[in-house]
Amino acid sequence: MTINTDILIIGGGIAGMWTVNRLTKLGYSVILLEKTALGDGQSMKSQGIIHGGVKYSLTGQVSKAANAISGMPKRWSDSLDGSGEVDLSQAKVLSPYHYMWSKGNLASKLTTFFASKAVSEKMHRLNPDEEPLAFQEAKLKSALYALHENVLDIPSIFQTLAQQHHGQCFQVDCQNELDFEVNPDSSIHLAKIRNTDLAIKPQFTIFTAGEGNEALLEKLNLPAKEKPAMQRRAVHMTLVKHQHPFPLYAHCIGTGSKPELTISSHKHSDGSWVYYLGGNLSEDGIDLNEDEQIKVAKETLKELVPWLDFTKADFASFKLNKAEPKTKGLLRPDSSFVQTIQNTAVAWPTKLALAPQLADQIIEELQKNDINALNPQNKTELIAAFQKANIQCSQAATPIWEQLFK
């Protein structure tokens, strides 16, 4: 059986799910294939912070990355209140602010910069009586700032999108179970699912599989010069399950251009809080094993968050590759990336917050290539066809803190 569809998306992270939503609303028929569960990769392992660019401006200047991401918080906020391009009104916001403090007094240049119009609309300095519970015993030597950046419950984002697109998203290991029939001009003609009689004939295919894009591109047998190159930036994330009754959402900054420590908080199913640790701690620890990383994490918390006791906490860590378009010097890309090869787009959002920007780029590519909505979509028939091939609808992935602290 061959299913005709306007768009085939491979990869069910935030890039794929945001795009399937936008394109469905534009009238396209869309099928999404995901290897495991929706979000089960970089997306579900993110800290959930919708950055507005301030953390990329710690040198005292507005960077290209800061400019690229500056409009994203509003687009996410509009979606979260139900008035935006994607309806996320059923998803949860963990905190409307992400806080920031420094190890010592902020340098006068940086203090002046924080007060400038470039960033003052994105953050404000807190009075002592405004400090959240996690900081009330801190006795900080520096000012505490509130960044106007939502911290999201990422599992609820994927649960919301999975429900909205039930009957469009299916679990298929595309690297091992999907074969492409490619025309002489390198355009994809068919996507055949092995050991089934099911094939998908798209007008246009979009690879949003993160690290999996590399293997998908190999299947097309394209000349090297036509394929966008991918890079991996590895991080070593640490989680702390503890007894404190409050969350903590914050960056601790030092003299460098990146936060020394970034903390987000997530509720475990047993009711306790899990602090999720990133920043320089995660980037500097990539060559450490789990025991070594946890030792450094304990020392870092004792130095930077000395007012909180973690002696009875449970620690865990894991390594993650952040897949991105390759840049000179393997630097972090400033914005999202889309490259079209015939009727296939290869896309990396580079960070969670840039998913709306990436969807805009994909829509532009469809318009440039005259891809219009031609094939009506019946979700009931799609589910029946995939079920006949023993392929199930995709579900939202289990959060990493539930996996590590069972």
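## A first stop in a loop

Select Asn369: its relative accessibility is 32%, so Asn369 counts as partly exposed (buried means under 20% relative accessible area, exposed over 50%, and partly exposed in between, with a 1.4 Å probe and protein chains only). You are looking at a predicted model, in which local features need pLDDT of at least 70, side-chain atom pairs count only at pLDDT 80 or more, and totals for chains, interfaces and linings use all residues. Residues are numbered from 1 along each chain as its sequence is written, and side-chain values use heavy atoms, with hydrogens and water left out.

Asn369 lies in the loop between helix 11 and helix 12 (379-388); helices (H or I, at least four residues) and strands (E, at least two) are DSSP runs, numbered from the N terminus. Leaving aside neighbours within four places in sequence, show Phe204, Thr340 and Gln342, which are in contact with Asn369 (contact means heavy atoms within 4.5 Å).

## Around helix 11

Next, select helix 1 (residues 14-25) and helix 11 (residues 355-368), which pack at an angle of about 55 degrees with their axes 9 Å apart. Axes are lines fitted to C-alpha atoms, for helices over the stretch in contact, and angles run from 0 to 180 degrees between N-to-C directions. That angle makes helix 1 oblique to helix 11 (under 35 degrees counts as roughly parallel, over 145 as roughly antiparallel, 65 to 115 as roughly perpendicular and the rest as oblique). Show the side chains of the contact, including Trp18 and Leu23 of helix 1 and Ile362 and Leu366 of helix 11.

On the helix 3 side, pick Met72, Arg75 and Trp76; on helix 11, pick Ala355, Pro356, Gln357 and Asp360.

## Helix 6

How many of the residues of helix 6 are buried? Select 154-164 to see: eight of eleven, so to speak a mostly covered helix. Among the buried ones are Ile157, Phe158 and Leu161.

Now colour the open sheet of eight strands, whose order is 5-6-4-13-14-15-12-16, with mixed pairing; two strands pair if DSSP finds at least two bridges between them. Its edge strands, each pairing on one side only, are strand 5 (123-125) and strand 16 (314-325). From one strand to the next, the twist averages 25 degrees. Helix 10 (residues 290-304) packs on the sheet, touching strands that include strand 12 (230-241) and strand 16, and its direction makes about 100 degrees with that of strand 16.

Zoom in on strand 12, where ten of twelve residues are buried. Strand 12 pairs with strand 16 in the antiparallel sense over twelve bridges; find Leu239 and its bridge partner Ala316. With strand 15, strand 12 pairs in the antiparallel sense over four bridges, and Thr238 stands opposite Leu277 there.

Finish at strand 4 (residues 98-102), which pairs with strand 6 (residues 145-147) in the antiparallel sense over three bridges. Select Met100 and look across to Tyr145 in strand 6, which it stands opposite.
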